[in-house]
Structure formats: C-alpha cells, structure tokens
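Subject: The structure, and what turned up in it

Hi,

Here is the structure I promised to pass on. Have a look at it first, and then read on for my notes.

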Amino acid sequence: MIPIRSEQLRYALLSHLIHLLDTGELQTLLEAGLSPDILDTLRAASARDLASIAGMPQLDVRIHFDPATLEAAYRRHCAIAEMRQLMEYHVMHGAQPPLLVHLFKMTLAEIQQQRALLCPDPPPRGRPALPDPSVREAVHNAWSSIRCMCPPQRQFVELHRAFPDHSIATLWHVVHEFDADAEGIEHLDSSNPASTP
C-alpha cells in the first residue's frame with residue numbers, strides 16, 4: 001500500500017468517493033469498509049469541508065496497485081506506441097494505401113489524414129519506376145533475410161533503412177516483381193473501398 005500525503009490528491013480521492021455515491025456505487029463503498037453514516041457525512045460536505053479534511057494528518061489514505069496489471073498496461077502502451085511509429089514511418093516514406101491497409105488496418109480517411117499531417121507534398125501518382133538490376137538484386141538478397149527476422153509491420157522499415165534512396169512503394173514493387181500476381185497487394189481486400197490507392 002502506498003501512502004498518499006498530497007492534500008490535492010487526498011481531496012481528489014474524497015471527491016471521487018462522492019462521485020461514486022452519486023453514480024450509484026454505494027455497495028462498492030460499503031464493501032470497502034465505509035459506513036453509511038460516514039458516506040452521508042461526505043455527501044453533505046462542502047468543498048471547503050473536503051479541503052480541510054484532506055489536510056488533516058489523522059486522515060490515512062493509501063492506494064494499491066496490482067503490479068501485474070500495471071506491467072501489462074505498460075507493455076500494451078509500448079506496443080501501441082511502437083505500432084504507431086511504424087505506421088508513421090511507412091506513411092512518411094511513401095508506402096502506398098493498400099500496404100497501409102494490409103499492415104495497419106487503416107481506412108482511406110485515416111491514410112489521407114496521416115499523409116496530410118506527415119507529408120506536406122502530395123504523393124506521386126502511378127507505379128514507381130524500378131531501380132537498376134544491380135540494386136534490385138541487392139534488395140532481393142536483403143529481403144530474404146529481413147522476412148525471416150522481422151514481423152510484417154517492421155519488414156519494409158528495415159528494408160527502407162538499408163535502401164533509403166528508394167521509397168517503400170518502390171521497394172515493395174521490387175520484392176514482388178517476380179510474383180505470379182504482378183499486382184500483388186494492390187488487389188488485397190479489393191471489395192473494401194479503403195484499399196483503393
């Protein structure tokens with residue numbers, strides 16, 4: 001249990017007790033050990049009363065954190081932040097809408113919004129030109145290794161870092177240039193309007 005000595009936090013917690021009362025959480029408060037009499041007193045207290053009570057040393061306020069849930073929440077926060085960084089990297093380095101839809105489940109409106117925020121210049125239209133054969137061969141060699149080591153959302157980030165002179169759209173076309181379906185991902189989820197470039 002962690003003691004709370006800040007008068008501001010103690011006041012906020014007392015106010016929260018009143019809020020729970022007002023929203024019908026009486027049983028929760030009774031199960032926490034608060035008597036009906038003290039709850040009635042709190043409900044009738046003014047803001048000045050609460051501030052005075054919060055500053056009294058006799059008031060013992062402690063909070064409890066479940067370490068496992070705190071750690072889980074932090075891991076979830078980190079995963080969300082990492083996924084957002086990867087999405088922004090794709091947008092800033094020229095990934096086409098179908099790839100963004102496939103990797104990050106974005107809608108067309110979300111893609112347009114992110115492009116407006118992150119890319120002041122309009123994206124080039126049409127299929128990008130492929131680089132020289134020697135560069136394409138190097139890309140294919142790097143891609144074979146990257147695909148084995150990285151999750152899908154990170155693969156083109158690592159490939160682009162290895163070949164920063166080319167957009168992610170260009171690199172995607174390079175690694176898929178020998179696919180049986182030459183258009184590949186451009187047909188993914190074709191029934192979904194969000195997948196239209």
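Is helix 6 mostly covered or mostly open, and how many of its eight residues are buried? Mostly covered: seven of the eight are buried, where buried means under 20% relative accessible area, exposed means over 50% and partly exposed lies in between, with a 1.4 Å probe and protein chains only. Helices here are DSSP runs of H or I with at least four residues, strands are runs of E with at least two, and both are numbered from the N terminus.

Before the rest, a word on the ground rules. This is a predicted model, in which local features need pLDDT of at least 70 and side-chain atom pairs count only at pLDDT 80 or more, while totals for chains, interfaces and linings use all residues. Residues are numbered from 1 along each chain as its sequence is written, and side-chain values use heavy atoms, with hydrogens and water left out.

Back to helix 6. Its buried residues are P97, P98, L99, L100, V101, L103 and F104. They pack against helix 5, helix 7 (108–118), helix 9 and helix 10. After helix 6 comes K105, with a positive phi near 55 degrees.

A nonpolar core is a set of buried Ala, Val, Leu, Ile, Met, Phe, Trp, Tyr and Cys residues joined through side-chain atoms within 4.5 Å. The largest has 26 residues, and L99, L100, F104, V139, F156 and L159 have the most contacts inside it. At least two residues of this core come from each of helix 5 (67–92), helix 6 (97–104), helix 8 (133–149), helix 9 (152–162) and helix 10 (168–175). Another core, of five residues, lies apart from it and includes L14, L42, L50 and A54. As background, nonpolar side chains in soluble globular proteins tend to be buried together.

H160 lies in helix 9 and counts as buried because its relative accessibility is 5%. Leaving aside neighbours within four places in sequence, H160 is in contact (heavy atoms within 4.5 Å) with Y89, H93, H166, S167, I168 and L171. For a sense of scale, H160 and A47 are 58 Å apart in space, C-alpha to C-alpha, and 113 residues apart in sequence. T170 lies in helix 10 and, at 7% relative accessibility, is buried too. Not counting residues up to four places away in sequence, T170 touches P128, A129, L130 and P131.

Next, the charged pairs. How many salt bridges are there? The count comes to seven, taking a salt bridge as a side-chain nitrogen of Lys or Arg within 4 Å of a carboxyl oxygen of Asp or Glu. Three of them:

- E82 with R154, the closest N and O atoms being 2.9 Å apart. E82 is in helix 5 and R154 in helix 9, so this pair ties together parts that are 72 residues apart in sequence. E82 is partly exposed at 37% relative accessible area, and R154 is partly exposed at 22%.
- E88 with R84, at 3.1 Å between the closest N and O atoms. They are four residues apart in helix 5, so about one helical turn separates them. E88 is partly exposed at 21%, as is R84 at 42%.
- D60 with R62, again with 3.1 Å between the closest N and O atoms. D60 is exposed, at 54%, while R62 is partly exposed, at 44%.

E82 and R154 also belong to a network of salt bridges that links them with E158 and R161.

Last, the second largest pocket. A pocket is an open set of points on a 1 Å grid over the protein atoms alone, where a 1.4 Å probe fits and protein lies on both sides within 12 Å along at least five of seven lines; lining residues have an atom within 4 Å of a point. This one holds about 540 Å³ of space, the volume being what is filled by probe spheres set on the points, which are joined across faces, edges and corners. It has 20 lining residues, and L14, L17, L34, D60 and V61 are the closest to its centre. Helix 1 gives the most to the lining, with six residues. Helix 1 (7–22), helix 2 (26–31), helix 3 (36–44) and strand 2 (62–63) each supply at least two.

Over to you!
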